[in-house]
Amino acid sequence: APRQGMQRSGRGGGPGGSVRGGFVPPFVRKALDANNAKGAGKDEPEGPLSAKTLELLAGPDGELPEALAKVEPQILEMVCAEIMDRRSAVTWEDIAGQDTAKRLVQELVVWPMLNPHLFKGARAPPKGLLLFGPPGTGKTLLGKAVAANIRATFFAISASSLTSKWIGEGEKMVRALFAVAGVLQPAVIFIDEIDSILSARKSDGEHEASRRLKTELLVQMEGCDPSAADRRILLIGATNRPEELDEAVRRRMPKQLYIALPCAEARRAMLERALGPEGGVRAALSEADLAKVVEKTAGYSGSDMRALIQEACQGAVRDVVAGQAARLASLSEADLRPVNLRDFQVAARAQRASVEPSEVVRYEEYDRRHGARY
Ligand code: ADP
């Protein structure tokens, strides 16, 4: 589900705040174990590696590579649970708009990964890339598209899971994450909400465990080098609070790309795609209708658009099913009336823009000061 506005779990007041220097109160530990057992190592949370994980990580000799031999099996299981399916590839065409970002990302990180020999010395790429902007604008999609393009293994982890879900284990998780990425390279590691780890703010939450997590991530970033023949790992961080990042982070991630709300053309592209043959629904919107929807959705994020379209398409089903739910099972697309402008007008009442205009001003200001230019 898209994150709403600037809200987020996992920071400060969460359970992480009660942990100091690795001590985990028994009640938290219990919850943690339950949580971990639910997540990755369901079958054998403490025991040896599951067959699936072993198959993923083992070398041709069937043994675990040396780099992973010392990592706790449970942590390895968790890291492997964060690896995205390599087959669910995202293409550049799946991302509407964001043309500048797509071009820049290709030059900065895709080219060097495809030909490390050309991109060294003065042409060496940055070790990490930062994508900033409102939630639901395609930052994760961009990360996946990069990974698919260079046939890299894609790891996606949200910082709140490092800071709160695995209390006190975040540092170990990060180390294991980069170790596994090294084994499965080329790899793209996508860290969402990266500001919550690399924040400059010394808040109450800045206790020992989160300080160690931050240091570990900075150390691991140093070792990333998309142009090195022996260690092709690219870190992509995403944030919707870029101004909270530490100076040290800005130095390490000199390229910061603003991923803005979709422009009119991008919104139109999303609509046309969903309502065209690929979308699988029948629609009857004239050119003028489409233009109206595009205009009405100024300020919508990509995920708002997706929700709006979904809601609008639902209207046609509701009309038929109303009062006779028994028919539902035998309905096919041909029994439905085409989706029309009115469906969008009704849907727009339920699905409004989730990003405040004032937030957009804030991003634009940050972009003027720190954003990468093309
Ligand atoms: P972010 O990482 O910026 O919060 P995501 O990349 O996770 O956002 O996008 C969430 C969902 O919203 C995507 O899975 C996609 O369905 C839709 N979406 C967002 N931006 C776009 C876009 N530019 N083009 C197409 N779909 C988008």
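Of the chain's 374 residues, 40% count as buried, a residue being buried if 20 or more other C-beta atoms, placed from the backbone, lie within 10 Å of its own. This is a predicted model, in which local features need pLDDT of at least 70 and side-chain atom pairs count only at pLDDT 80 or more, while totals for chains, interfaces and linings use all residues. Residues are numbered from 1 along each chain as its sequence is written.

The secondary structure comprises 16 helices and 5 strands, taken as DSSP runs numbered from the N terminus (helices H or I, at least four residues; strands E, at least two).

V188 lies in strand β3 (residues 187-192), and it counts as buried because it has 29 C-beta neighbours inside 10 Å.

| Residue | Contacts, leaving aside residues up to four places away in sequence |
|---|---|
| L131 | K139, L142, I236, A238, L257 and I259 |
| V188 | G143, V146, A147, A152, F154, L234 and I236 |

Around the ligand there are 19 residues, of which G138, K139, T140, G302 and S303 come nearest, where a residue counts as near if its C-beta atom, placed from the backbone, lies within 6 Å. Helices α6 (139-149), α12 (264-275) and α14 (302-321) each supply at least two residues of this shell.

Note on methods: Contact = placed C-beta atoms within 7 Å. Buried ≥ 20, exposed ≤ 12 C-beta atoms within 10 Å, placed from the backbone.
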